[in-house]
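Please open the model in a viewer and keep the sequence panel at hand.

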Amino acid sequence: MYKTESEAEDYIQALLPLVSSVENVEVAICVPFTDLRAMVDSARGSRVEVYAQNMHHEPEGAYTGEISPVMLSDVGVQGVVLGHSERRACFGETDRALALKVPAALAAGLRPILCVGETEEERDGDETQRKLRQQVRDGLAGIADERLTEVTIAYEPIWAIGTGRVASPEQAQEAVAFVRALVGDRDRQAAERVRILYGGSVKPENAAELLALPDIDGALVGGASLEADSFAQIVTAA
């Protein structure tokens with residue numbers, strides 16, 4: 001929940017020239033609903049895509065305060081983040097809800113980023129794999145095998161978000177490889193092609209090391225994306 005429309009305009013104008021020459025990297029900013037149309041207009045014709053941070057699964061209805069996938073698609077948004085740890089922790093987002101949202105996003109022509117990850121308590125209790133298995137299974141339950149690669153998965157160790165703590169390269173690689181294996185349980189070829197991101201205090205200082213790991217295909221960047229220079233450095237590292 002950062003940046004008014006005018007602040008977002010200043011941000012995108014600073015970011016675009018910094019990433020315009022970077023090749024072979026997909027770049028997206030995931031912005032609040034009130035900034036979506038302005039960012040779509042400002043980023044048009046550039047390499048930067050615009051994603052929403054959440055959505056409801058229904059195309060319309062009596063859901064006051066919610067935004068539908070059809071509304072996002074109509075604005076020109078290319079994708080949407082679903083199941084972010086803060087949505088789960090602060091607003092009670094459930095795996096059951098995500099089982100509806102992920103296929104609804106695809107049906108509306110949006111690229112979903114499904115977020116999964118464990119809490120500190122779950123990691124310390126050796127529950128990481130159980131938690132990831134449930135989240136991946138439920139989040140992808142409504143997706144046909146042939147469309148699995150259209151869903152990007154982001155592994156967020158919740159204990160490393162906003163805390164300054166970062167999963168070690170070994171921890172990050174192990175968890176992301178496990179997520180890939182879970183997709184492989186559905187379809188081996190999809191597992192090889194699905195994109196899995198790492199999100200958890202990714203900064204310019206650690207981005208290159210994390211992104212060099214064999215199973216990590218990109219980063220879901222939080223606080224370090226709020227400044228154009230910082231985010232651009234991570235894009236360059238990618």
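In what follows, buried means under 20% relative accessible area, exposed over 50%, and partly exposed in between (1.4 Å probe, protein chains only). Helices (H or I, at least four residues) and strands (E, at least two) are DSSP runs, numbered from the N terminus. The model is predicted: local features need pLDDT of at least 70, side-chain atom pairs count only at pLDDT 80 or more, and totals for chains, interfaces and linings use all residues. Residues are numbered from 1 along each chain as its sequence is written, and side-chain values use heavy atoms, with hydrogens and water left out.

Select strand β2, residues 48–52, to begin. Of its 5 residues, 5 are buried, so the strand is largely enclosed by the rest of the structure. V48, V50 and A52 lie on one side, E49 and Y51 on the other, and both faces are covered.

Now show helix α2 (residues 36–43), through which the chain crosses from β1 to β2 in a right-handed β-α-β crossover. Right-handed means that, with the strands pointing away from the viewer, the path from the first strand over the helix to the second runs clockwise.

Next, select strand β3 (residues 79–82), which runs parallel to β2 and is joined to it by 2 bridges. A52 stands opposite V80 in β3. Helix α3 (residues 69–75) carries the chain from β2 to β3, and this β-α-β crossover is also right-handed.

Conventions: Pairing = 2+ DSSP bridges.
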